[in-house]
Amino acid sequence: MSPFFVITGIVTLLGAAFAMSLRNLVHCALAMAVAFSGIAALYLQLDAQFVGFAEILVYVGAIAILIVFAILLTRSGEAPEKSVLTSGWMAGIAVSAMVFTILGWAVLNSSAIPKETPPAPVATVKNVGDALMTKFVLPLEIIGLVLTAAMIGAVIIALKEETNNENPGRKS
Amino acid sequence: MFDKLDQIFVTALHWLTGFLPAALQPVVSTLICIAFVMSVFPGVFALTTVLERKILGRIQNRYGPNRVGIPFTKIRLCGFGQFIPDGIKSLTKEDIVPRAADKVVHFLAPVVMLIPVLLSYSVLPFGKNMTITDYDAGLLFFFAVGGAVEVSVFMAGWSSRNKYSLLGAMRAIAQMVSYEIPLILSAVTVVMVVGSLNLSQIVAHQNQYTYGIAHWHVFTPWGLVGFVLFFIASLAESNRTPFDLPEAESEIIAGYFTEYSGFKFALFFLGEYLGMFAIIGLGITLFLGGWTSPVSFLTWIPSYVWFLSKLMTIVFVFIWIRGTLPRLRMDQLMNFAWKFMLPLALINILVAGIWHYMAADWQRWLVCSAIIFGAYAILGRGLMQNQNFGKRIYRYAE
């Protein structure tokens, strides 16, 4: 393990841990942005430039901002007085550890995964673009359609309801 | 001779690192490159602050700073020494943090602002063979690190616990998110035509000459529209007039850095100007030929001189616009981004595709220009519809 991997791994895990455990929701969102940047750094170490940059562009630049805006618009910035952990947190850890063990066991013993690590593929941005435009063009188009439909839906929800007095501030 | 002058920095770097053992060379050469960025662009920033005050002074019929020259001498330099006392003043001022502020986030915000801005310089080609990290996806890297600036603006606005700061941050983020879309879409046309996200290759594609005139992208119909869209969007991204609503001093004091003073304020100021230079540098690289010369008989001028002179010319235009145009209103800002710039950028992508596949003669000039003019006219009319641009009638003032 290279020292860079250890540092980015620790930063990512700390960011994720703080995102769960801090009291103030805005702090949690910022800690999550740190975790996202750490994941992007990990991708970059694996020579996956496109995924790494897209991770920063989409998750840090857009999703973290979206979450922060949602927090600000729905509640005041005050931190809750009571503890963030519920009373049954011990049971929660036990359950999640069990689920993780079973899933890990199932994945490791599955026949669908090849046992030998394949040689690292060369994935330049050009390769990714070529694949998106040829092999995966149908999924790409479908995702585009779904996102457009979602956006139109959001606009319809946000539309002002029809009223009779138009624009009282300005007269022609 | 001129080739040597052109490559003098590259040669100097190789010569300097040549003395070291091979294991140390990459580290030292990286450090030297960082020192280059950290010294040149803050220097340009210092000069620009004086230049801006002087040009704005001229536009407003006054002198601007003209006293300070070299300290302890009588040389005045037309006031261009003004940045030295400005810097000393901001370093020695008291750092005031509001009692209610979120101390950690308040402290981190200027740092989070400056780091991505400095990172974005690492992919810009300042001159021939003068790109610090030649990423395969350099353009994507530039836009990705730019996204982190929004986080810092939010951190500054929210942690100050001041309604003006928060309002300014909300305005800034809404504006940045809206104008990032036309910015990226106008850059996409260049990527389509060049076929690469690598900024050095984009410059190399423009470094050809027909009849002595360079193949800059701005000299094509799609490139001209792309450049104008990119220019307007970069004005908005760097919060400059007429898009300076996030810092509108007559409405919300100073926006998201209202509660910052002393050195932290200076860091914000520096980050904002360095961000402006970086985005102008990207615009130059994409549309104005990067470090290439516009005409073939001037290619002997060193490439970095071309880059810096193009940069300073556009900075001058930015200052000129600041002294000329009034500020937009919030709804005008959003309408302009979503109803005019975004559709025009999408049509421009189509035009770039047509340009790429049509034969290189006068017909493609005609077809592409016709589509762009039609789109511009229709979109402009759509934007003007239901907007009564007559004389304003004051309801309560008369």
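In this predicted model, 21 residues of chain B are in contact with 18 residues of chain A, two residues being in contact if their C-beta atoms, placed from the backbone, lie within 7 Å. Residues are numbered from 1 along each chain as its sequence is written, while chains are lettered from A, and ligands numbered from 1, in the order in which they are written. Because the model is predicted, local features need pLDDT of at least 70 and side-chain atom pairs count only at pLDDT 80 or more, whereas totals for chains, interfaces and linings use all residues.

On the side of chain B that touches chain A, helix α6 (residues 138-159) of chain B gives the most, with 12 residues; helices (H or I, at least four residues) and strands (E, at least two) are DSSP runs, numbered from the N terminus. This side of chain B divides into 16 nonpolar, 3 polar and 2 charged residues. Here Ala, Val, Leu, Ile, Met, Phe, Trp, Tyr, Cys and Pro count as nonpolar, Asp, Glu, Lys and Arg as charged, and the others, Gly among them, as polar.

The largest nonpolar core holds 111 residues, such a core being a set of buried Ala, Val, Leu, Ile, Met, Phe, Trp, Tyr and Cys residues joined through C-beta atoms within 7 Å. A residue is buried if 20 or more other C-beta atoms lie within 10 Å of its own, exposed if 12 or fewer, and partly exposed in between, with C-beta atoms placed from the backbone. Ala64(A), Phe141(B), Val151(B), Phe154(B), Met155(B) and Ala169(B) touch the most other members, and α6(B) supplies the largest share of this core, 14 residues. Leaving aside neighbours within four places in sequence, Phe141(B) is in contact with Phe53(A), Val123(B) and Tyr135(B).

Turning to the chains themselves, chain B comes to 14 helices and 2 strands. Of its 398 residues, 39% count as buried, and its C-alpha atoms fill a box of roughly 70 × 65 × 40 Å, taken along the principal axes. Chain A has 6 helices and 0 strands, and 15% of its 172 residues count as buried.

Within chain A, helix α2 (residues 25-45) and helix α3 (residues 49-74) pack at an angle of about 175°, with their axes 8 Å apart. Axes are lines fitted to C-alpha atoms, for helices over the stretch in contact, and angles run from 0 to 180 degrees between N-to-C directions. The residues of this contact divide into 18 nonpolar, 3 polar and 1 charged.
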